[in-house]
Amino acid sequence: MNRTLATASPLVLVVEDEPELSDILIAYLQRDNLRTMLAASGPDALRLFREHNPAIILLDIRLPGKDGVDVLKEVRQESDTPVIMTTALADDLDKMLSLRLGADDYVVKPYNPAEVVERVRAVLRRTLRTQQAPQEAPLRIGQIEIDAQGYTARAFDAQENPVALPLTLTEFRILACLAKRPRRCFSRAELIEACLPESDALDRVIDSHLSKLRRKLQDAGCDDLIETVRGIGYRLWRDS
């Protein structure tokens, strides 16, 4: 079932199998001049995502057919479309899993639909700023090159052969943040503010993202590129 507004405003794909919740959320989104499209199952969500290329996805975790975490995995394999997860489960493990897989934010039910709309607007504003930002040359730091405009990162071997780094959106933001000021130590709170500004992520969520980012860098031959500074946070490049 699809609900749309005949405007050129951003398209929000709402993935929710509870009609009462989806009706309220869609009404609030449309009142804020956002177009909406509804999917009530995981397979329907993926089909509509591929057919209509929404500007952002509001994705429930508990869904029939395919759960939201599996839907998020497939979306991230194909696109960096912003995703805000919604769930009735306030478990930190669910939160960390979603963010680690590349979700941009996380909302726990019961939520205030007006707050969800504000979060959607905040993520869309950030995405628009990125798209409209002046072109910058890729940043080269040692063996890695970071393209802030294309949201891509590459590693280079000894022969200068490039290898694409398969980073999630959050992993990319963390790497770019560290690379802009190499050797500066960033606290976990600073990384959350810079890379997950609309989220209520916990410090250990950043640790989880850093662990996966390090593993991907190591797989590309960039060992020991990110250093943990005990009791403070993280920095790019060791001084030794």
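Start by selecting E74 and R50, which form a salt bridge with their closest N and O atoms 2.9 Å apart; a salt bridge here is a side-chain nitrogen of Lys or Arg within 4 Å of a carboxyl oxygen of Asp or Glu. E74 lies in helix α3 (residues 68-78) and R50 in helix α2 (residues 42-52), so the pair ties together parts that are 24 residues apart in sequence. Helices (H or I, at least four residues) and strands (E, at least two) are DSSP runs, numbered from the N terminus. E74 is partly exposed at a relative accessible area of 21%, and R50 is partly exposed as well, at 45%; the classes are buried for under 20% relative accessible area, exposed for over 50% and partly exposed in between, with a 1.4 Å probe and protein chains only.

Before going on, note that this is a predicted model, in which local features need pLDDT of at least 70 and side-chain atom pairs count only at pLDDT 80 or more, while totals for chains, interfaces and linings use all residues. Residues are numbered from 1 along each chain as its sequence is written, and side-chain values use heavy atoms, with hydrogens and water left out.

Next, select R140 together with E160 and F156. R140 forms a salt bridge with E160, the closest N and O atoms being 3.1 Å apart, and this pair links distant parts of the chain, 20 residues apart, with R140 in strand β6 (residues 139-141) and E160 in the loop between β8 (152-156) and β9 (162-164). Both are partly exposed, R140 with a relative accessible area of 36% and E160 with one of 44%. R140 also lies over the face of F156, at 4.2 Å from the ring centre, where a charge sits over a ring if NZ of Lys or CZ of Arg is within 6 Å of the ring centre and within 35 degrees of the ring normal. For another such arrangement, select R31, which lies over the face of Y28 at 4.5 Å from the ring centre.

Now move to R235 and E227, a salt bridge whose closest N and O atoms are 2.8 Å apart. R235 counts as buried at 18% relative accessibility, and E227 counts as buried at 14%. Elsewhere, salt bridges that share partners join E16, E18, D60 and K109 into one network. The count of salt bridges comes to 20.

Is W237 buried, partly exposed or exposed? At 25% relative accessibility, W237 counts as partly exposed. Leaving out residues up to four places away in sequence, W237 touches I141, G142, R183, L225 and E227, contact meaning heavy atoms within 4.5 Å.

Finally, select I144, L175, L210 and L217, which touch the most other members of the largest nonpolar core, a set of 29 residues. A nonpolar core is a set of buried Ala, Val, Leu, Ile, Met, Phe, Trp, Tyr and Cys residues joined through side-chain atoms within 4.5 Å. Two or more residues each come from β7 (144-147), β8, α6 (169-180), α7 (188-195), α8 (203-219) and β12, and α6 gives the largest share, 7 residues. Beyond neighbours within four places in sequence, L217 is in contact with I144, L165, L175, C222, L225 and I226. Apart from this core lies another, of 22 residues, among them L11, L59, M85 and L101.
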